[in-house]
Amino acid sequence: MHTLELSRRYTLVTGASSGLGLEMARMIARDHHGNLVLVARRLDRLEALAEELQKAHKVDVVCIQADMTKREDVTRTFEEATAGRVINAAILNAGVTYFGRGLDHDFEHFEQMLATNVTSVVWLTQKFAHHILEKSPSGGVMIVSSLAGTTPTPYQAAYSGTKAFLNNFGMAFAEELVDEPVSLTVFVPGGISTEMGDKSGLSRKFKKGDVGMMDVDVCARRALEGFIARERFVVPGALNVFNDFILRFAPRAFAAAMAARIYRDALPPKE
Ligand SMILES: NC(=O)c1ccc[n+]([C@@H]2O[C@H](COP(=O)([O-])OP(=O)(O)OC[C@H]3O[C@@H](n4cnc5c(N)ncnc54)[C@H](OP(=O)(O)O)[C@@H]3O)[C@@H](O)[C@H]2O)c1
């Protein structure tokens, strides 16, 4: 299959109101002259981005306000995105984490995380794969996962579980699609400097510019490069590639203990 074409076609990006999703959307418009469907809860941010990209790059940008924890919003996202247009590429990037002791993790929050990181992604992957097969000559889907899904990551235990699901789901589904004219890419970053660090408290320790923290534009560029090349499993950055490789040979308990050491001192003090 030839490389994925983003130019003048529509790419849907979930979680486009900040961080990695916003940066990928910006690059698709600026560097590829691609049209966009932007999805997130914060409509004001999506509309500001849409205005910026439409003016600067003369592309069409559609905004959909949707909450990925709500089944009806996930369904509506697909329906609105595909109403009268072909979505050639879908980037399922919206995600949330919880950083803290697993003993303290509120179950309601866990369920919202599961719905956002896993359930909505499974549903949308399947729907867009069908849509692309029916309507587009050769599109692609990209799932944004995390290295927390390849290494058991203490203090983000449930998040780590959701991303482990995505890694296996994505790689298994990609193999099923290998002879079809639709590709599935799993993008697997390590730490990125985005709002997620502030929301979760991880930025208490992990700051922009620190070793292991990628700049969001560098990360977004690698994501799109891998997506366009139809790579199946994309780990951005030499250090992340090295860690991912080495940790495959480590006993799981050792890997978890190493990760715990890295994350423990970013925890808030005990009350
Ligand atoms: N930052 C990191 O260190 C890191 C590392 C590895 C992987 N990742 C992954 O990268 C992806 C992007 O994260 P980021 O770092 O760019 O974080 P971010 O800046 O916090 O962006 C998260 C995006 O997801 C959207 N989102 C969250 N919950 C949603 C919901 N219920 N419904 C719809 N949209 C929702 C947010 O939009 P609204 O709030 O406007 O809805 C926002 O646009 C995530 O899947 C994350 O797990 C991040």
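Visitor: How does the lining of the largest cavity divide by class?
Guide: This is a predicted model, in which local features need pLDDT of at least 70 and side-chain atom pairs pLDDT 80 or more, while totals for chains, interfaces and linings use all residues. Lining residues have an atom within 4 Å of a cavity point, on a 1 Å grid over protein atoms alone where a 1.4 Å probe fits but cannot get out. Among them are Thr-14, Met-68, Leu-92 and Ser-120. With Ala, Val, Leu, Ile, Met, Phe, Trp, Tyr, Cys and Pro as nonpolar, Asp, Glu, Lys and Arg as charged and the others as polar, the lining has five nonpolar, three polar and no charged residues.

Visitor: Which side chain has an N or O atom 2.6 Å from a ligand oxygen?
Guide: A backbone polar atom of Asn-93 is 2.8 Å from a ligand oxygen. For a polar side-chain atom of Lys-163 the distance is 3.0 Å. The 2.6 Å distance belongs to Lys-199.

Visitor: What part of the ligand's own accessible area does the protein cover?
Guide: On its own, the ligand has 880 Å² (Shrake-Rupley, 1.4 Å probe). The protein covers 96%.

Visitor: Which element gives the largest share of the shell around the ligand?
Guide: Helices H1 (19-32), H5 (157-176) and H6 (195-200) each give two or more residues. The largest share is three residues, from H6.

Terms used
Residues numbered from 1 in each chain as written. Heavy atoms only, no water. 1 Å grid on protein atoms, 1.4 Å probe; cavity = no way out; pocket = protein on both sides within 12 Å on 5 of 7 lines; lining within 4 Å. Polar contact = N/O pair within 3.5 Å; in protein donor to acceptor, adjacent residues only side chain to side chain. Helix = DSSP H or I, 4+ residues; strand = E, 2+ residues; numbered from the N terminus.
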